[in-house]
Amino acid sequence: MGMDTGNIADWLGKSIDCACGQRHEVPIRRVVIEHGALRAAADYVRERGWSDVALVADKRTLEAAGQRLETLLTEAGCSVARTVLPPDELGDVIADERSIVQAMLNLRDGTAAVLAVGSGTIHDVVRFVCSRTGKAFVSVPTAASVDGFSSVGAPLIIQGFKQSHSGLCARGDLCRSRRARQAPRELTAAGFGDMLGKATSLATGSSAPSYKRSITASCAPI
Ligand SMILES: [Zn+2]
């Protein structure tokens, strides 16, 4: 049975005139959070008429969901080019130049979409690659390790430094809820921390003007 996603569907594909004075776009077309979401992802690819897609995962997420999704896609008659991002010297998969090039090497002229199967790092790589190549980006999270699966920002490690680059919002976000619950606990903890950090950042930002005034006042010459 699917998880109650509230009224997420009401927001999809819409643009919103926000109280902040800006118009915000929600380009995501479908969100599925349920046990059978991998099949829903394959169905979504077929519905869109994509016969040639790329799938990006790492060794762990390939085992957790990528292999199964690839089988479902192949059974549906879709050609799948798989990229398994290798870990760095410390054993971590990171969103750096090496991973970006690795993901791009498997793209073909006919590749219609790239499916990110994994956590935030894999999504950041795919989000950036899709934004620069014009391919559609489909999100298949395997852990609740970050709160930015639908973000447009792609934090990347370039020449050893973390930089934020503009990316692309996913067209579909299809999460296998049971698999996400079974993800390593440290990944879930990281996602919870991400949400807490966002709340405190927003609070700091909204109080910044008065904070700045108090600093200015205390620093004013007597
Ligand atoms: Zn706004």
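Predicted model: local features only at pLDDT ≥ 70, side-chain atom pairs only at ≥ 80, totals over all residues.
Where is the place of Gln-159? Gln-159 sits in the loop between β8 (153-158) and β9 (161-166). We'll get back to that residue after a look around the rest of the chain.

**The overall picture**

The protein contains seven helices and 10 strands. It has 222 residues, and 34% of them are buried. Now take the contacts between residues at least 6 apart in sequence: 71% of these join residues at least 24 apart.

**Helices α2 and α3**

Let's begin with α2, which covers residues 37-47. Its buried residues are Ala-37, Leu-38, Ala-40, Ala-41, Ala-42, Tyr-44 and Val-45. After α2 comes Gly-49, and the phi of Gly-49 is positive, near 80 degrees.

Helix α3 takes in residues 59-75 and has a bend of about 50 degrees at Ala-65. Ala-65 is also among the buried residues of α3, along with Thr-61, Leu-62, Ala-64, Gly-66, Leu-69, Glu-70 and Leu-73. Here too a glycine follows the helix: Gly-77 comes after α3, with a positive phi near 85 degrees.

How do these two helices meet? In general, a pair of packed helices is described by the angle between the axes and the distance between them. For α2 and α3, the axes come within 9 Å and cross at roughly 40 degrees. That angle makes α2 oblique to α3. The crossing is right-handed. On the α2 side, the contact is made by Leu-38, Arg-39, Ala-41, Ala-42 and Val-45, and α3 brings Ala-65, Arg-68, Leu-69, Leu-72 and Leu-73. Sorted by class, the residues of this contact are eight nonpolar, two charged and no polar.

Setting aside neighbours within four places in sequence, Ala-42 is in contact with Leu-69, Leu-72, Leu-73 and Ala-76.

**Helices α4 and α5**

Another pair to look at is α4 (residues 97-105) and α5 (residues 120-133), whose axes come within 10 Å and cross at roughly 60 degrees. The two are therefore oblique to each other. As α4 passes α5, the crossing is right-handed. Which residues of α4 and α5 make the contact? From α4 there are Ser-99, Ile-100, Ala-103 and Met-104, and from α5 there are Val-125, Val-126, Phe-128 and Val-129. By class, the contact of α4 with α5 holds seven nonpolar residues, one polar and no charged.

**Some residues across the chain**

Back to Gln-159. It isn't a glycine, yet its phi is positive, at about 50 degrees. Is Gln-159 buried or exposed? It is exposed, with 7 other C-beta atoms within 10 Å.

Arg-48 is found in the loop between α2 and β4 (52-58). With 17 other C-beta atoms within 10 Å, Arg-48 is partly exposed.

Then there is Glu-186, placed in helix α7 (residues 185-219). Glu-186 counts as exposed, because it has 10 C-beta neighbours inside 10 Å and the exposed class takes in residues with 12 or fewer.

| Pair | Apart in sequence | C-alpha to C-alpha |
|---|---|---|
| Ala-42 and Glu-70 | 28 residues | 8.5 Å |
| Glu-186 and Ala-143 | 43 residues | 10.0 Å |
| Arg-48 and Ala-113 | 65 residues | 9.9 Å |

Conventions:
Residues numbered from 1 in each chain as written. Helix = DSSP H or I, 4+ residues; strand = E, 2+ residues; numbered from the N terminus. Buried ≥ 20, exposed ≤ 12 C-beta atoms within 10 Å, placed from the backbone. Contact = placed C-beta atoms within 7 Å. Bend = angle between axes of the 7 residues up to and from the residue. Axes fitted to C-alpha atoms, helices over the stretch in contact; angles between N-to-C directions. Parallel < 35°, antiparallel > 145°, perpendicular 65-115°, else oblique. Left-handed = near helix turned anticlockwise from the far one by under 90°. Nonpolar A, V, L, I, M, F, W, Y, C, P; charged D, E, K, R; others polar.
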